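Subject: Structure handover

Hello,

Here is the structure for you to look over. My notes on it follow below.

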Amino acid sequence: MSAEQNNPALEKDVAPEGSSDGVNGGAPIAPALTEEQTARAAARFGYGPLSVVNTKEANLRPFGGEFQPGLYKSVEQRKFANPAPLGLCAFALTTFVLSAINMGARDITEPNIVVALAFGYGGLVQLLAGMWEMAVGNTFGATALSSYGGFWLSFAIVLTPGGFKIASTIEEAGGTAMFDNSFGLMLFGWFIFTTILLFCTLRSTVAFFLLFFFLDLTFLLLGIGYIHRDAAGKPNPPVIKAGGFFGLLAAFTAWYNALAGMADNSNSFFIIPVAHFPWSPTARSRKTEREQA
């Protein structure tokens, strides 16, 4: 549970019951459901945000530390902990190592060490976090974390030495250029997917938006680097390094968002600021509350 929920003295990102959210002309947020309504909703939806919130009436703010850019209320007393920090950390560490190698750290030229991380942490653990996001009713988090878990698994499958022979089979058919082109097309596909997710963060927090913005640039630059090769026929080193740089930014931003989800008054002396866009529901709601005061 986040610090905002544990400590009433801290400013909450989730709108209080009965207050105005600044959306739809400042219409008031629907009050909490009665016990009978909650029981009916729980019987229909099970656990998760939909079990206690009438989404047709309640416009609720996004808040920091959860992998949910949309408008829903976190569920107190839910059976599942917040799985977002786990998925973010799995993504961040695997991305950090690969991006450092792409930037030429310690003169490492082969990224095969990432295979272990991609299978065990960035792949499996992130996929599990995505499934737990599904269990708590977070469609965006389930889609994003599960998909990037699948990305790391597929990345590991391609690079497993002597395993699936994907790279060697492609190179036998058309040389290294065919493999680089194929890998570049895969990265461009992930660039398109990340762009779609990026659009869903425009009404969320700045920290959440920057995570997908940096990741989007990473996929774009790496895709270009593999398809637009240098004179020696190798993936373009400056472009690959640029992709590695933005990958490092994405990794540290993911860790930042993860910390925002883990730090509360039971384990930290401070909470992590995530900042809200001026047009976001949270910022508009606060502006409306100040005007009404």
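Start with Asn236. Leaving aside neighbours within four places in sequence, Asn236 is in contact with Gly225, His228, Arg229 and Asp230; contact means heavy atoms within 4.5 Å. Asn236 sits in the loop between α7 and α8. Helices are DSSP runs of H or I, at least four residues long, strands are E runs of at least two, and both are numbered from the N terminus. With a relative accessible area of 12%, Asn236 is buried. The cut-offs: buried is under 20% relative accessible area, exposed is over 50%, and partly exposed is in between, with a 1.4 Å probe and protein chains only. The Asn236 side chain reaches the backbone oxygen of His228 at 3.4 Å.

Some ground rules. This is a predicted model, where local features need pLDDT of at least 70 and side-chain atom pairs count only at pLDDT 80 or more, while totals for chains, interfaces and linings use all residues. Residues are numbered from 1 along each chain as its sequence is written, and side-chain values use heavy atoms, with hydrogens and water left out.

**Overall build**

The chain has nine helices and zero strands. Along the sequence the pattern reads α-α-α-α-α-α-α-α-α. Of the 293 residues, 47% are buried. Take the contacts between residues at least 6 apart in sequence: 67% of them join residues at least 24 apart. The chain exposes about 14400 Å², and carbon and sulfur atoms supply 65% of that. Accessible areas come from the Shrake-Rupley method with a 1.4 Å probe; for residues, only the protein chains shown count as cover.

**Cores**

The largest nonpolar core has 40 residues, and Tyr148, Trp152, Phe155 and Phe212 touch the most other members. Such a core is a set of buried Ala, Val, Leu, Ile, Met, Phe, Trp, Tyr and Cys residues joined through side-chain atoms within 4.5 Å. The elements giving two or more residues to this core are α3, α4 (113–135), α5 (139–159), α6 (166–199), α7 (206–227) and α8 (237–262). Phe155 touches Leu98, Val114, Ala118 and Phe183, not counting residues up to four places away in sequence. Another core lies apart from the largest one; it has five residues, among them Ala260, Ala263, Ile272 and Val274.

**Ile101**

Ile101 is in helix α3 (residues 84–102). Its relative accessibility is 8%, so Ile101 counts as buried. Beyond neighbours within four places in sequence, Ile101 contacts Ile108, Glu110, Pro111, Ile113 and Val114. Ile101 and Pro111 are ten residues apart in sequence, and their C-alpha atoms are 6.5 Å apart.

**Two loop residues with positive phi**

Most residues other than glycine have a negative phi. Arg106 has a positive phi, near 55 degrees. Arg106 is in the loop between α3 and α4. At 78% relative accessibility, Arg106 is exposed. Lys165 also has a positive phi, about 55 degrees. Lys165 is in the loop between α5 and α6. Lys165 is exposed too, at 54% relative accessibility.

**Surface patch**

Which residues make the nonpolar surface patch of about 420 Å²? They are Phe80, Leu86, Leu124, Leu128 and Trp132. Patch residues have over 30% relative accessible area and no salt bridge; nonpolar side chains (Val, Leu, Ile, Met, Phe, Trp, Tyr) are joined within 5 Å, like charges within 9 Å. A salt bridge is a side-chain nitrogen of Lys or Arg within 4 Å of a carboxyl oxygen of Asp or Glu. Helix α4 gives the largest share of the patch, three residues. Trp132 lies in α4 and is partly exposed, with a relative accessible area of 37%.

Best wishes

Methods: A polar contact is a pair of N or O atoms within 3.5 Å; within protein, one must be able to donate a hydrogen and the other to accept it, and residues adjacent in sequence count only if both atoms are side-chain atoms.
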